[in-house]
Amino acid sequence: MHAYLIIAHNQFELLERLIRCIDDERNDIYIHIDSKATGFDKEKIIAAVHQSAITFTNRIHISWGGFDMVRCEYILLEAAFESGKHYDYIHLISGVDLPLVSQNEMHKFFDEHNGCEFVHFGGPQLREIETARVKYYHFASGRRNYFNRFITKTETVVQRALKVDRLKGLKIQRGSQWFSITGDFAKYVLSQKSFVFRQFKNTYIPDEFFIQTLLINSDFAENLFDKRFNNDHYACVRYIDWNRGHPYTFRESDFDEIMSSGCMFARKFSMDVDSAIVEKITQAVLG
């Protein structure tokens, strides 16, 4: 069995397509919808499911860059394991992702790599600007406006001068928040909730640190699918283009490139930017 954990806040027509692509008796689907989202039709999503069990979690407000995203991931993980089921793999995806293969191919791939942890790492050594995000206390949850940028920079300068160090020798790493991990590692992540909430609360973009940090400080590091730590998103078998955007939103002209990537998932898509690529991938996946 696989569990799909989905974090969504908009593009609900695209979410419906995503659900159709992963609807399979071998999958359970858990969805978190941001509490500030509007225009969400729960019944329409439920109607798209015919084989999977689907669960909607409690909704919280998520602020970009803040601890809410970590809290949301734990809500989804807890919901999955409260079911009492054993999952071979847990996939965390966003509501603007799409699978690139059928569920038969998906399960075959993960069966062939059973026990591997598919987690992305940005690089072998963190830069000081990255370390500062979790080394110091940060109370402004993002840099999407001038005020938050100013507060975050000021917090860093002051705490650096005061020699604040929340890490105290802890080995840390950073990468994409989206993952495909074994049920065993997911249980370990749940067991470390108190540590994560203590260590990463009031940090900047903690969702890019906590999974990677837990993994490299555990025996599960030996099971990494890709141990190169070279910022290749194939490590988490996701096709994501950060060169053309933040990340880039795929168009129909990117279809061949995406489908030949060898990845299991791709992000991101938008029905507003280009609905044709969404329809094309959906048809390819569903046959």
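How many bridges join E1 to E2, and in which sense do the two strands run? Select both strands to begin: seven bridges join E1 to E2, and the strands run parallel. The model on screen is predicted.

**Stop 1**

**Stop 2: Tyr4 and its two partners**

Select Tyr4 and look to both sides. In E2, the residue opposite Tyr4 is Ile29. In E4, the residue opposite Tyr4 is His91. The pairing of E1 with E4 is parallel and extends over six bridges.

**Stop 3: strand E2**

Select residues 27-33, which form strand E2. Seven of the seven residues are buried, so E2 is largely enclosed by the rest of the structure. In a regular strand the side chains alternate between the two faces of the sheet. To follow the faces of E2, colour Asn27, Ile29, Ile31 and Ile33 for one side and Asp28, Tyr30 and His32 for the other; both sets are buried, and both faces are covered.

**Stop 4: strand E4**

Is E4 largely enclosed by the rest of the structure or left open, and why? Six of its six residues are buried, so E4 is largely enclosed. Both of its faces are covered: one side has Tyr89, His91 and Ile93, the other has Ile90, Leu92 and Ser94, and all are buried.

Next to E4, select strand E6 (residues 180-182); three bridges join the two strands, which run antiparallel. Ile90 of this pair stands opposite Ile181 in E6.

**Stop 5**

Keep Ile90 selected and show what surrounds it. Apart from neighbours within four places in sequence, Ile90 is in contact with Ala3, Leu5, Leu77, Phe81, Phe179, Ser180, Ile181, Thr182, Gly183 and Ala186.

Then widen the view to the largest nonpolar core, which has 45 residues; Ile90 and Phe210 touch the most other members. Two or more residues of this core come from each of strand E1 (2-8), helix H3 (68-82), strand E4 (89-94), helix H7 (183-191), helix H8 (193-200) and helix H9 (210-216). H3 gives the largest share, nine residues. There is also a second, separate core of 44 residues, which includes Leu18, Ile45, Met264 and Val278.

**Stop 5: helices H1 and H11**

Select helix H1 (residues 12-22) together with helix H11 (residues 271-286). The two helices pack at an angle of about 10 degrees, and their axes are 10 Å apart. H1 and H11 are therefore roughly parallel to each other, since angles under 35 degrees count as roughly parallel.

To display the contact, pick Glu13, Leu14, Arg17, Arg20 and Cys21 on H1, and Met271, Val278, Glu279, Thr282, Val285 and Leu286 on H11. By class, this contact of H1 with H11 has six nonpolar, one polar and four charged residues.

**Stop 6: the three-stranded sheet**

Move to an open sheet of three strands, ordered E5-E8-E7, with mixed pairing. Strand E5 (97-99) and strand E7 (238-239) are at the edges; each has a single partner strand, so one side of each is left without a neighbour in the sheet. E7 pairs with strand E8 (residues 265-267) in the parallel sense, over two bridges. Select Arg238 here, and find Phe265 of E8 opposite.

**Stop 7: Val158**

Finish with Val158, placed in helix H6 (residues 146-161). Is Val158 buried or partly exposed? Val158 is partly exposed, with a relative accessible area of 42%.

Note on methods
Residues numbered from 1 in each chain as written. Predicted model: local features only at pLDDT ≥ 70, side-chain atom pairs only at ≥ 80, totals over all residues. Heavy atoms only, no water. Core = buried A, V, L, I, M, F, W, Y, C linked by side-chain atoms within 4.5 Å. Buried < 20%, exposed > 50% of the residue type's maximum accessible area, 1.4 Å probe, protein only. Helix = DSSP H or I, 4+ residues; strand = E, 2+ residues; numbered from the N terminus. Contact = heavy atoms within 4.5 Å. Pairing = 2+ DSSP bridges. Axes fitted to C-alpha atoms, helices over the stretch in contact; angles between N-to-C directions. Parallel < 35°, antiparallel > 145°, perpendicular 65-115°, else oblique. Nonpolar A, V, L, I, M, F, W, Y, C, P; charged D, E, K, R; others polar.
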